[in-house]
Amino acid sequence: MMNRTGATILRAVSRKTTSLNARAVTKNSTRLLSSVKIDTYTAPKVDDNERLPNNDRERNALYSDEESRTMSNITASVRHDWSKEEIAQIYNLPFHELMYRASTVHRMYWNAAEVQQCTLLSIKTGGCTEDCSYCSQSTRHKTFVKPEPTMKVKEVLEAAKRAKEAGSTRFCMGAAWRELGNKKNAFNHILEMVRGVNGMGLEVCCTLGMLNAEQAKQLKEAGLSAYNHNLDTSPEHYPNVITTRTYEDRLNTIANVRDAGISVCCGGILGLGEKDTDRVGLLHVLATLPEHPESVPINALVSVDGTPLGDDDDIDGVDAFDMARMIATARIVMPRTMVRLSAGRLSFSDAEQFMMFNAGANSIFNGDKLLTTANPEFDADQALFDKLGFIGKPAHKGPAPSPHEQEGGVVITKVEGQSQQYA
Ligand code: SF4
């Protein structure tokens, strides 16, 4: 169903429509349509407070008749039929060209000044029986992490209040375990936390391991906005990193979350000993899901002594160019997804982080800790935002529309016969 705000924006648009031969305008697409129309937006400036729907499904539905967008000779579209070869071609572009394309795509779909700030809190630390070879919280690795009991609801709500006061608009709670399983008491506490954080006006996200369909439904009813469940790497490399669960297990939880109407947050980690083909493979899985994730976090491994990956001297570190290349490719193949610059930010300079924002990242985690590893302080992030001219995205409000679209700079190609949303 169309959100009222989105409808207002689309109705405010005046159109020039031209029928063209589909082959001419979709030359970069594998799909050939019998005919398409090009609509050129000459939108009047909308009120500064006018925003797109916050729910990614409602937002994306507004554009269901869109074939592609073009600006400055760069064409992009939301597709689910990417081949690995196509994604590899983008990933392997010369760096300068990749950055130009990604930053143009970013500006066609988003307001590049707006960056969402999320805070991640570990509500149950350590003591996890899984064997993820990067993780400090696994009982199988000897690390600095000491298992702690699940935090009390009151403590969590106090942390959420502090995060809100510091400018965060999404609060994510993580628990170190394989799955929710039969943890009835813990689940009831978590539902209470979700209701409480939601009641404070923050968007709520959880990362609690594997979920079944019923648990996903209950979390949705409690007010959960999003669920994080990372695929980490490609299906081929996954068994080298984790042996206690399968890629299929992960995909099943993602499907349960999606089916419950919760936004999916799903991404990966660079620095797991993967090859470039694995990075492309991960993006291929994400970009060919039935719906692109609402958010795709891209993490750089924060190496922890005592973990197999932390102790492996043969594993190359992740540099800023690796991160920017991955973020840029994600931005191009999933243009309507929020790409989250996640763990590892502390090892990158402000200039390097700017390169990643320019590649299409539009969300960060803030707060001095990401689960168990260090992260920039709130104040440092605010100073970075001021330096770069960024503003935070408000909670429970959708993203601001792309200024380039509003100013008529984006040429939108639509599938003929599906233009009723623009009437
Ligand atoms: S990443 Fe999650 S599932 Fe894996 S060991 Fe760490 S806490 Fe457990």
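## Briefing on a predicted protein chain

Ser72 is exposed because it has 12 other C-beta atoms within 10 Å, where exposed stands for 12 or fewer such atoms, buried for 20 or more and partly exposed for anything in between, with C-beta atoms placed from the backbone. This is a predicted model, in which local features need pLDDT of at least 70 and side-chain atom pairs count only at pLDDT 80 or more, while totals for chains, interfaces and linings use all residues. Residues are numbered from 1 along each chain as its sequence is written.

**Confidence and overall make-up**

- The protein chain has a mean pLDDT of 84, and 84% of its residues reach 70 or more; pLDDT is the predictor's confidence in each residue, on a scale from 0 to 100.
- Over residues 1-36 pLDDT stays under 50, and the model has 67 contacts beyond four places in sequence for this stretch, a contact being a pair of residues whose C-beta atoms, placed from the backbone, lie within 7 Å.
- Residues 417-423 also have pLDDT under 50 throughout, with 12 contacts beyond four places in sequence.
- The protein chain contains 15 helices and 17 strands, which are DSSP runs (H or I, at least four residues, for helices; E, at least two, for strands) numbered from the N terminus.
- Of the 423 residues in the protein chain, 46% are buried.
- Among contacts between residues at least 6 apart in sequence, 80% join residues at least 24 apart.

- In helix H8 (residues 213-222), the buried residues are Gln215, Ala216 and Leu219.
- These residues cover an arc of only 100° around the axis, which puts them on the same side of H8; the arc is that of the directions from the helix axis to the C-beta atoms.
- An α-helix has 3.6 residues a turn, so residues three or four places apart point the same way.
- Glu214 and Glu221 are exposed on the other side of H8.
- The packing partners of the buried H8 residues are helix H7 (184-199), strand S7 (203-207) and helix H10 (247-259).
- Gly223 follows H8 and has a positive phi, near 110°.

**Helix pairs**

- H7 and H8 pack with their axes 8 Å apart and at an angle of about 30°, where axes are lines fitted to C-alpha atoms, for helices over the stretch in contact, and angles run from 0 to 180 degrees between N-to-C directions.
- H7 and H8 are therefore roughly parallel to each other, a label given to angles under 35 degrees, with over 145 counting as roughly antiparallel, 65 to 115 as roughly perpendicular and the rest as oblique.
- Where these two helices meet, Phe187, Leu191, Val194 and Arg195 belong to H7, and Gln215, Gln218, Leu219 and Ala222 belong to H8.
- Helix H6 (residues 153-165) and H7 have axes that come within 10 Å and cross at roughly 30°, which makes H6 roughly parallel to H7.
- H6 passes H7 in a right-handed crossing; a crossing is right-handed if the near helix is turned clockwise from the far one by less than a right angle, and left-handed if anticlockwise.
- Val153, Val156, Leu157 and Ala160 of H6 make this contact with His189, Glu192, Met193, Gly196 and Val197 of H7.
- Helix H5 (residues 95-109) and helix H12 (residues 320-333) have their axes 9 Å apart and pack at an angle of about 45°, which makes H5 oblique to H12.
- The passage of H5 over H12 is a left-handed crossing, and residues in the contact include Phe95, Leu98 and Met99 of H5 and Phe321, Ala324 and Arg325 of H12.

**Individual loop residues**

- Ser72 lies in the loop between strand S3 (66-71) and strand S4 (74-76), and its phi is near 50°, a positive value in a residue other than glycine.
- Asp232, in the loop between strand S8 (226-228) and helix H9 (238-241), has a positive phi of about 70° although it is not a glycine.
- Asp232 is buried, with 21 other C-beta atoms within 10 Å.
- Ala361 sits in the loop between helix H13 (350-358) and strand S13 (363-366) and counts as buried because it has 28 C-beta neighbours inside 10 Å.
- Apart from neighbours within four places in sequence, Ala361 is in contact with Ile327, Val339, Arg340, Leu341 and Met356.
- Ala361 and Val115 are 246 residues apart along the chain, and their C-alpha atoms are separated by 8.0 Å.
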